[in-house]
Amino acid sequence: MREGAHVRDSSTGSTGNTARPSRRTVLAATAGVTAALAVDGTSYAVPDDKYLRTLISRMTLQEKVGQLFVTRVYGHSATAPDQADIDANLEELGVRTAAELIAEYRVGGIIYFTWAHNTRDPHQLADLSNGIQRASLEQPRGLPVLVSTDQEHGIVCRVGKPAALFPGAMAIGAGHSRADARTLGLVAGRELRAMGIRQNYSPVADVNVNPANPVIGVRSFGSEPDAVAGLVAAEVAGYQRAKVAATAKHFPGHGDTAVDSHYGFPVINHTRAQWEELDAPPFRAAIRAGIDSIMTAHIMVPALDVPHSRLRSSGGTPIGDPATLSRPILTGILREKLGYDGVVVTDSLGMEGVRTKYGDDRVPVLALKAGADQLLNPPSLDIAWHAVLKAVQDGELTEARLDESVLRLLRLKSKLGLFEEPYVSQRGVTETVGIEAHLAAADRIAERTTTLLVNEGRLLPLSRRTYPKVLVVGADPASPSGTTGPPTGVLAGALTELGFTATALSTGADPSAATIAKAVSAARAADAVVVGTYNVTAASAQKTLVEQLVASGKPVVAVAIRNPYDVAQLPSVRACLAAYSWTDVELRAAARVIAGRVAPRGKLPVPVPRADDPARELYPVGHGLSYRR
């Protein structure tokens with residue numbers, strides 16, 4: 001259905017996208033949009049529903065189908081990606097470039113990923129976004145594209161340095177400051193908007209009540225529904241002020257599962273009353289705050305998926321649908337009970353949780369029938385796109401049903417200013433992204449999140465006179481954005497800047513006996529040891545590493561660089577801090593707490609269960625020590 005091709009850019013004299021288009025070019029590119037502003041002789045400064053409905057009436061069925069999809073595309077440029085990215089696009093999408101993708105499928109949204117090589121640096125991102133908008137607006141009846149990403153901060157971050165990177169949600173929960181959550185949304189939103197990203201799949205509104213949750217964990221603000229609700233609403237307010245669409249996820253709540261929906265099909269057996277008490281409050285708060293989009297979860301909640309809640313298979317397993325495909329959940333609860341009329345976006349349709357029961361050709365159709373508007377990143381765009389088209393042609397879906405979703409999407413694009421100003425400028429990037437004020441705000445917020453869990457004998461703050469030489473060992477997980485770390489090096493560097501002589505030795509998340517012996521030998525030359533731990537279990541080699549370091553006689557400070565639950569497995573350490581993530585901003589804050597440059601102020605936003613009896617609490621919500629004498 002290719003209706004046009006990429007047109008040379010009169011502002012740059014090439015098909016590249018390295019400069020912001022001139023005002024004349026913008027007006028020419030948006031002529032198909034702005035011409036429709038004069039409907040029945042009436043002009044609209046900002047598109048209203050009458051204008052948007054007129055736009056929809058002029059769209060082909062194929063164009064309407066395309067508006068519903070948000071897809072990945074490989075490459076740093078909309079028209080001239082590297083050859084490896086061209087090859088990946090051809091293999092997965094059947095096109096060479098983002099511009100060809102838009103011409104072929106008329107997609108309404110594109111999502112940026114680090115692994116898709118979209119995010120080299122802020123100026124390149126602005127060029128890519130402009131190239132995507134130009135490619136879409138040059139099409140017949142061209143519409144602006146809603147560019148999105150997952151920039152949760154903390155352990156999920158697609159755009160890296162030099163952009164400002166903030167602590168993740170659980171760290172913000174430990175700081176218990178709605179003002180900080182609002183600042184995060186405002187600053188992060190302004191930076192994303194400057195790079196042409198208008199929709200962010202954040203904040204996480206899940207209440208993490210299960211310490212064994214493998215997919216949410218520190219991505220959640222905590223385990224207390226009201227506290228999570230307040231922080232969700234505050235962060236949403238920040239993004240709204242920045243004119244970026246925030247997305248509360250993952251409805252109806254992914255916080256109490258031991259299965260990762262990327263790889264399996266989680267079932268949450270909360271009763272309806274439990275859901276109302278535990279899972280619903282953050283989503284209600286987000287809706288009251290005027291949230292622009294809500295993301296669905298690929299989980300089954302039998303109590304909500306009526307009438308499936310009363311049905312069981314012969315094996316006793318609930319046979320209902322994932323929430324993404326459940327009309328009782330998306331329409332019955334989210335739309336009708338909670339009164340939400342904004343955009344509903346699915347979680348990635350490539351995840352196993354939504355593919356277990358149905359084929360890739362049925363999932364997008366069923367999601368639309370359930371009440372979704374945006375279909376995110378299907379494994380095969382071609383299969384999904386044609387499946388929706390066929391469903392309308394066969395009468396399973398009505399074109400009027402598509403019109404409902406397209407109208408919601410166009411309303412959102414209008415609200416975000418995409419009809420008026422789809423392009424961004426390089427000057428805007430320079431003046432906004434990673435500026436000193438933003439970086440300082442991230443550091444200040446991080447300092448309020450570090451949580452001191454254990455401090456026997458007041459080992460901390462660590463004295464530079466008593467313990468001048470510090471060995472930093474531990475896990476070095478990959479940087480979420482590809483631009484930070486390694487954690488041991490960051491901690492050692494920060495401690496050195498604070499007056500210690502610190503050296504780093506990466507021991508990994510699963511150190512061998514030889515690696516442990518090397519660390520213990522290195523500890524003999526140090527006065528104290530800092531060890532970064534990452535999801536320690538009873539059988540973890542990290543636990544053995546810590547125990548042997550303690551046995552060496554040197555004081556050991558543990559820094560839990562992901563889950564705060566590590567402390568339950570480390571009873572022998574004299575001091576333990578929770579940083580909640582291994583990104584630089586949180587590690588530097590932890591180093592400042594260790595050195596006494598700042599006092600620890602974080603409080604646990606989740607309870608830590610005992611290692612020997614998980615039904616009992618080792619540390620309750622609100623636990624956090626200080627340096628006050």
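Predicted model: local features only at pLDDT ≥ 70, side-chain atom pairs only at ≥ 80, totals over all residues.

Reader: What makes α20 roughly parallel to α21?

Author: The angle. Helix α20 (residues 513–523) and helix α21 (residues 541–551) pack at about 25°, with their axes 10 Å apart. Angles under 35 degrees count as roughly parallel, so α20 is roughly parallel to α21.

Reader: Which residues make that contact?

Author: From α20 you have Ile516, Ala519, Val520 and Ala523, and from α21 there are Ala541, Thr544, Leu545, Gln548 and Leu549. Sorted by class, the contact of α20 with α21 has seven nonpolar, two polar and no charged residues.

Reader: And why are α9 and α18 called roughly antiparallel?

Author: Look at the angle again. The axes of helix α9 (residues 178–194) and helix α18 (residues 436–447) cross at roughly 150° and come within 11 Å. Over 145 degrees counts as roughly antiparallel, and therefore that is the label for α9 and α18. As for handedness, α9 passes α18 in a left-handed crossing.

Reader: What does the contact of α9 with α18 consist of, by residue and by class?

Author: α9 brings Asp180, Thr183, Val187 and Glu191, while α18 brings His438, Ala441 and Ile445. These residues divide into three nonpolar, two polar and two charged.

Reader: α18 also packs with α22. Why is α18 called oblique to α22?

Author: α18 and helix α22 (residues 584–595) pack at an angle of about 55°, with axes 9 Å apart. The cut-offs are under 35 degrees for roughly parallel, 65 to 115 for roughly perpendicular and over 145 for roughly antiparallel, and the rest is oblique. An angle of about 55° falls in that rest, so α18 is oblique to α22. Here α18 passes α22 in a right-handed crossing.

Reader: Which residues meet there, and how do they divide?

Author: On α18 they are Ala442, Asp443, Ala446 and Glu447, and on α22 they are Val585, Arg588, Ala589 and Arg592. That contact divides into four nonpolar, no polar and four charged.

Reader: Let's switch to rings. How many aromatic pairs are there?

Author: The count comes to seven aromatic pairs.

Reader: Why is the pair of Tyr105 and Trp385 called edge-to-face?

Author: Their ring centres are 5.7 Å apart and their planes stand at 70°. Centres within 6.5 Å make a pair, and planes over 60 degrees apart make it edge-to-face, so that is what this pair is. Tyr105 lies in helix α6 (residues 98–105) and Trp385 in helix α15 (residues 381–393), so the pair ties together parts that are 280 residues apart in sequence.

Reader: How do you know whether Tyr105 and Trp385 are buried or exposed?

Author: Buried means under 20% relative accessible area. Tyr105 is at 5%, so it counts as buried. Trp385 is at 2%, so it counts as buried too.

Reader: What makes Phe251 and Phe283 an edge-to-face pair?

Author: It is 5.1 Å from centre to centre, with 90° between the planes, and over 60 degrees is edge-to-face. Phe251 sits in strand β7 (residues 247–251) and Phe283 in helix α11 (residues 272–288), 32 residues apart. Phe251 has a relative accessible area of 0%, so it is buried, and Phe283 is buried at 0% as well.

Reader: Back to α6. Why say that α6 is largely enclosed?

Author: Because seven of its eight residues are buried. These are Ala98, Ala99, Leu101, Ile102, Ala103, Glu104 and Tyr105. What covers them includes α4, β1, α5, β2, α7 and α15.

Reader: What about Asn89 and Gly94: how do you know whether each is buried or exposed?

Author: Asn89, in helix α5 (residues 83–93), has a relative accessible area of 0%, so it is buried. Gly94 lies in the loop between α5 and α6. At 53% relative accessibility, Gly94 is over the 50% cut-off, so it counts as exposed. Beyond its neighbours within four places in sequence, Asn89 has contacts including Val73, Tyr74 and Gly94.

How values were computed
Residues numbered from 1 in each chain as written. Heavy atoms only, no water. Axes fitted to C-alpha atoms, helices over the stretch in contact; angles between N-to-C directions. Helix = DSSP H or I, 4+ residues; strand = E, 2+ residues; numbered from the N terminus. Left-handed = near helix turned anticlockwise from the far one by under 90°. Contact = heavy atoms within 4.5 Å. Nonpolar A, V, L, I, M, F, W, Y, C, P; charged D, E, K, R; others polar. Phe/Tyr/Trp six-rings, centres within 6.5 Å; stacked < 30°, edge-to-face > 60°. Buried < 20%, exposed > 50% of the residue type's maximum accessible area, 1.4 Å probe, protein only.
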